[in-house]
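Work through the exercises below with the model in view. Each task is followed by its solution.

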Amino acid sequence: MTIKAVLRMGAKLLGEVAAPVTEFNSTDLDAIVQDMLDTMQHLDGAGIAAPQIGVSQRIIIFGIDHNPRYPDVEPVPLTVLINPEIEIIDDNQNTLWEGCLSVPGMRGLVARPNKIKYVGFDPQGTKIERVAEDFHARVVLHESDHLDGILYPQRIDDLSQFGFIEELEAAGKLPKKTTEDTDTDAGSES
Ligand code: NI
């Protein structure tokens, strides 16, 4: 197991379009996925994308298991999703504060579609197809954006709703958290 350093906003690779995975069921792929899992879990993140650990391939991982930091969020099954394709089912949007492991210490208010369908593959090459709403949709959209070189600050409509966590909390914009916090990826405070 290896906990990798997470690239931060501004790193060249984070702005690039990642390449599709072409070989499934391989030890190389399994090793990348394990590093992503170890890194995400170490940082207590809700999701991570391969480019964040310096691998420019279309692999994302997400999952939330009753995280005390997301008390209002429905659990999302831990999922490794490769070569994701997303279809927006409900054009209506909801807004939520997001954070990102690559933008540590900050949060921004981001509008995203309410409901999506996503299709992709697991590491063995088995097809995954799901309809997702709300936070589940948001984390998939956030992580998939990473594969196209997009970080959430680029999705913020009003940059007055972007800043450092402590300042946003002091300003009463961001709800105060009750548990220890590290930066997470994608979410109601991730
Ligand atoms: Ni992120």
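For counting charges, Lys and Arg are positive and Asp and Glu negative, while His and the chain ends are not counted; a charge is placed at NZ of Lys, CZ of Arg, CG of Asp or CD of Glu. The model is predicted, so local features need pLDDT of at least 70 and side-chain atom pairs pLDDT 80 or more, while totals for chains, interfaces and linings use all residues. Residues are numbered from 1 along each chain as its sequence is written, and side-chain values use heavy atoms, without hydrogens and water.

**Exercise 1.** Count the positive and negative side chains of the protein chain and locate their centres.

Solution. The protein chain carries 16 positive and 32 negative side chains. The centres of these two sets are 3 Å apart.

**Exercise 2.** List the elements of the protein chain from the N terminus on.

Solution. Helices (H or I, at least four residues) and strands (E, at least two) are DSSP runs, numbered from the N terminus. The protein chain has three helices and six strands. Their order is α-β-β-β-β-β-α-β-α.

**Exercise 3.** Check the span of helix α2, residues 134-147.

Solution. The expected span is 1.5 Å times one less than the number of residues.
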